[in-house]
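Subject: A structure for you to look at

Hello,

Here is the structure I promised to pass on. Please open it beside this message and follow along as you read.

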Amino acid sequence: MREILAALLTGFLFGLGLCIAGMTDPAVIQGFLDIAGQWNPTLLFVMAGGVTVTFIGYRLVFPRGRPLFAAKFTLPTASEIDWPLLSGAGIFGIGWGLAGYCPGPAVVSLASGRGAVVLFVLSMLVGMMSVRWMRTQRSATMPPEPA
Amino acid sequence: MHPYVLGLIGGAVIGMSAVLLMTFSGRIAGISGIIGNLLPPKPADDRAWRAAFLLGLILAPLCLATFTGNNRIGAPTVGPAVLIGAGLLVGIGTTLGGGCTSGHGVCGVSRLSLRSIAATVTFVAMGMVTVFLVRHVV
């Protein structure tokens with residue numbers, strides 16, 4: 001229960017940060033990506049604020065050894081820069097540039113009730129499920145990947 | 001307030017959220033992963049906190065609008081066909097690449113993960129190439 005409340009609170013904070021930062025306006029995102037046009041550096045300030053706080057915060061949290069409401073920290077174990085990582089990031093970048101939405105701001109923007117945002121999020125879910133489905137097909141013949 | 005200042009403040013709030021989620025639950029605040037593991041096939045067992053996080057995300061602008069009269073959500077800049085195509089690409093890409101702007105861009109970069117730094121450089125570069133092609137070439 002505590003873990004669920006913590007997630008609700010942190011999700012709320014995350015959404016609030018995205019809104020305050022202007023990240024829920026696709027024009028601001030595309031303005032940042034448009035280096036040959038009227039460049040809008042706002043996203044750079046958001047990344048600077050986010051990474052600074054997280055960098056310092058993580059360094060205070062990890063030495064505690066374990067989280068408050070869970071048995072252990074759940075961190076990614078992969079370390080290799082491989083083809084799925086780079087091709088995936090590249091494909092994501094194309095979609096991000098086309099629409100000006102990444103997953104967080106898209107979910108937050110559902111609150112506007114716009115059908116167009118619902119359309120984007122549903123397509124995103126279909127894209128996610130298709131890769132997950134392909135992975136299950138492949139893992140039937142190959143050794144399982146680490147979670 | 002100037003948009004850059006709001007960006008810095010909003011970014012800091014996002015960072016606080018990421019640090020608190022790690023402090024409480026030991027989890028990376030990566031939105032694509034939080035969503036993806038709710039989906040079939042084989043959704044994760046720990047669905048409750050994931051759903052709660054997403055609910056929090058959606059409640060934020062509603063709360064903001066109640067107190068300030070402005071939810072700060074902008075209108076889509078492209079039509080439905082592009083939104084569908086872009087949504088598919090974002091879903092496929094973030095699942096294949098194991099993260100998005102939050103998980104790789106904020107949390108991973110803060111952990112100095114080489115994978116996340118490589119992913120972030122890649123998606124920003126491809127985003128810039130895409131916008132350049134769409135706005136200045138086609």
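Below is what I found in it, beginning with the model as a whole.

Please keep in mind that this is a predicted model. Its scores are ipTM 0.98 and pTM 0.96. For chain B the average pLDDT is 97, and 100% of the residues score at least 70.

**Where the chains meet**

The contact between the two chains involves 103 residues of chain A and 99 residues of chain B. On the chain A side, helix 1 (2–21), helix 2 (26–33), helix 3 (42–61), helix 4 (83–99), helix 5 (103–109) and helix 6 (115–139) each contribute at least two residues. Helix 1 of chain A gives the largest share, with 18 residues. By residue type, the side of chain A that touches chain B has 66 nonpolar, 30 polar and 7 charged residues.

**Chain B overall**

Chain B has 138 residues, and 59% of them count as buried. If you take the contacts in chain B between residues at least 6 apart in sequence, 40% join residues at least 24 apart.

Start with helix 1 of chain B, which has 23 residues. From first C-alpha to last, helix 1 of chain B reaches 32 Å, close to the 33 Å expected at 1.5 Å a residue. This helix is mostly covered, with 18 of its 23 residues buried. Just after helix 1 of chain B comes B:Gly26, with a positive phi of about 70 degrees.

Then go to helix 5 of chain B, residues 101–110, where 10 of 10 residues are buried. Among them are B:His104, B:Val106, B:Cys107 and B:Val109. What covers the buried residues of this helix? The cover includes parts of both chains: helix 3 and helix 5 of chain A, along with helix 1 (3–25), helix 2 (31–36) and helix 6 (114–137) of chain B. Just after helix 5 of chain B, B:Leu112 has a positive phi of about 55 degrees.

**Details in the loops**

The loop between helix 2 and helix 3 (47–68) of chain B contains B:Pro41. A cis peptide bond joins B:Pro40 to B:Pro41, with omega at about -5 degrees. B:Lys42 is also found in the loop between helix 2 and helix 3 of chain B. B:Lys42 is not a glycine, yet its phi is positive, about 55 degrees.

Another positive phi belongs to B:Arg72, a residue other than glycine, with a value near 60 degrees. B:Arg72 lies in the loop between helix 3 and helix 4 (80–96) of chain B.

B:Arg72 is buried because 22 other C-beta atoms lie within 10 Å, where 20 or more are needed.

I hope this helps you find your way around.

Best wishes

Technical notes:
Residues are numbered from 1 along each chain as its sequence is written. Chains are lettered from A and ligands numbered from 1 in the order in which they are written. This is a predicted model: local features need pLDDT of at least 70, side-chain atom pairs count only at pLDDT 80 or more; totals for chains, interfaces and linings use all residues. Two residues are in contact if their C-beta atoms, placed from the backbone, lie within 7 Å. Helices (H or I, at least four residues) and strands (E, at least two) are DSSP runs, numbered from the N terminus. Ala, Val, Leu, Ile, Met, Phe, Trp, Tyr, Cys and Pro count as nonpolar, Asp, Glu, Lys and Arg as charged, and the others, Gly among them, as polar. A residue is buried if 20 or more other C-beta atoms lie within 10 Å of its own, exposed if 12 or fewer, and partly exposed in between; C-beta atoms are placed from the backbone. The expected span of a helix is 1.5 Å times one less than its number of residues. pLDDT is the predictor's confidence in each residue, from 0 to 100.
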